[in-house]
Amino acid sequence: MNILAIESSCDETSAAVVRDGRDVLSNIISSQIDIHKRYGGVVPEIASRKHIEAIDLVIDEALEKAGMNFEKIDAIAVTYGPGLVGALLVGLSEAKALAFALDKPLIAVHHIEGHIAANYIQNREWKPPFICLVVSGGHTNIVKVTNYNKFEILGSTRDDAAGEAFDKVARAIGLPYPGGPNVQRMAEKGNEDAIDFPRAMMDEGYDFSFSGVKSAVLNYINKCNMTGEEYIKEDIAASFQKAVTEVLVKKTIEACRKEGMKKVAVAGGVSANKYLREKLREECERNGFEFNVPDIVLCTDNAAMIGSAAFYEYKNGNTADMSVNAYPSLRLGEK
Ligand code: KG4
Ligand code: ZN
């Protein structure tokens, strides 16, 4: 089954052709980062306009790269939430129009379900059940994936998402948007034990809180500025990254052990972080858990992951009709 998938929930316009949920025939991603960088974050109105400009070209390229045309496509898949509503609507309207005009099934996909499905592309043998740490710009969850379409959220952030914390700390130390990859690069040159930033809610179940560590970084910088003390940005980046990673890894491993699971996966933009990937891998090995992590390009927003999740939604009988809307704060597992 060849699925043409579309993703436009934030600042990437992407289209992909995915066969049977696992084979990526094409995955075209047009990023708007250079435009939003000027404003220090994603400007929703600009994002929507740029999606409109890019979407047809991106779809054409995805079909061409896959050696396909619309006739050979069996279904159209699209992200319908969560995300920026204007941005989501561009992809959703395009997908609806294509499904209607071509008379093909339409499959509406949850963005986070897509992130989790990136693991099925990465590893053909990977299947539920497993524990998935979901860390993106808008989400931080520990999810028990009991089946392709069944999710149990064991823990969530009570305030900032992990990616949001990376982006805010980046701004505080003068790094451009998107902060995550820049903080990682700077951290590589710093001392991760230089500053003891707080590890929030370490022993309180599976929920997270990242606003405290973010404030601690800001306070540290303010204090240095006021006392005229010099601070080393590399040390701040490395110590912050270590503090966040320690909490994420500890809770993920604990969830896997307590839920009696044997496998751990990771998903979402922050899972592109090298330090987090290494620490999670080490801890999984130490605990005898199988570990899977998608390639970097499959961690951040892309349509291939939506095409994979769509295949399993379709197999489960979940298709959408023309009345489907965009839902900016759609919860995982909610239809
Ligand atoms: O999944 P994603 O591409 O978009 C959302 O669904 O939110 O995640 C974007 C987030 C941003 O906050 C970005 O800074 C973060 O992922 N990110 C990283 C890295 N690459 C992207 N954070 C830490 N280290 C990275 N290497
Ligand atoms: Zn995402």
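Predicted model: local features only at pLDDT ≥ 70, side-chain atom pairs only at ≥ 80, totals over all residues.
Reader: How many residues surround ligand 1, and which are the closest?

Author: Ligand 1 has 19 residues around it. Gly137, Asp167, Gln184, Gly269 and Asn273 are the closest.

Reader: Let me pick Asn273. Where is it placed, and is it buried or exposed?

Author: To find its place, look at the elements on either side. Asn273 sits in the loop between strand S9 (263-267) and helix H9 (274-287). For burial, the cut-off is under 20% relative accessible area. Asn273 has 5%, so it counts as buried. Its side chain also reaches the backbone nitrogen of Tyr275, at 3.1 Å.

Reader: Now the metal. Which residues are the protein donors of the zinc ion (ligand 2)?

Author: Look for the atoms that point at the ion. Here they are NE2 of His111, NE2 of His115 and OD of Asp301, at 2.0 to 2.1 Å from the zinc ion. Along the chain, these donors follow the spacing H-x3-H-x185-D. His115 and Asp301 link distant parts of the chain, being 186 residues apart. His115 belongs to helix H4 (residues 111-122), while Asp301 is in the loop between helix H10 (296-299) and helix H11 (304-315). Both His115 and Asp301 are buried.

Reader: How many aromatic pairs does the structure hold, and why is the pair of Phe208 and Phe210 called stacked?

Author: There are ten aromatic pairs. To judge one, check the distance between ring centres and the angle between planes; under 30 degrees counts as stacked. The rings of Phe208 and Phe210 have centres 5.7 Å apart and planes at 15 degrees, so this pair is stacked. Phe208 is buried at 0% relative accessibility, and Phe210 is buried at 2%.

Reader: Which lysine lies over the face of Phe208, and which over Trp126?

Author: For this feature, look from the ring centre towards the charged group. Lys251 lies over the face of Phe208, 5.6 Å from the ring centre. Over the face of Trp126 you will find Lys263, at 4.6 Å from the ring centre. Trp126 is also part of one aromatic cluster with Tyr120, Phe130, Tyr148, Phe311 and Tyr312.

Reader: Last, the strands. In what sense do S1 and S2 pair, and over how many bridges?

Author: Follow the two strands and see which residues stand opposite each other. Strand S1 (residues 2-7) pairs with S2 in the antiparallel sense over six bridges, and Ile6 stands opposite Ala15 in S2. A hairpin of four residues joins S1 to S2. On to strand S3 (residues 23-31): S2 pairs with S3 in the antiparallel sense over eight bridges, with Ser26 in S3 as the bridge partner of Val17. The hairpin of S2 and S3 has three residues between the strands, and there Asp20 takes a positive phi near 50 degrees.

Reader: How many residues of strand S2 are buried?

Author: Seven of the eight residues in S2 (residues 12-19) are buried, leaving the strand mostly covered.

Technical notes. Residues numbered from 1 in each chain as written. Chains lettered and ligands numbered in written order. Heavy atoms only, no water. Buried < 20%, exposed > 50% of the residue type's maximum accessible area, 1.4 Å probe, protein only. Pairing = 2+ DSSP bridges. Donors = N, O, S within 2.8 Å, 3.2 Å for Na, K, Ca; no water. Phe/Tyr/Trp six-rings, centres within 6.5 Å; stacked < 30°, edge-to-face > 60°. Lys NZ or Arg CZ within 6 Å of the ring centre and 35° of its normal. Near = heavy atom within 4 Å. Polar contact = N/O pair within 3.5 Å; in protein donor to acceptor, adjacent residues only side chain to side chain.
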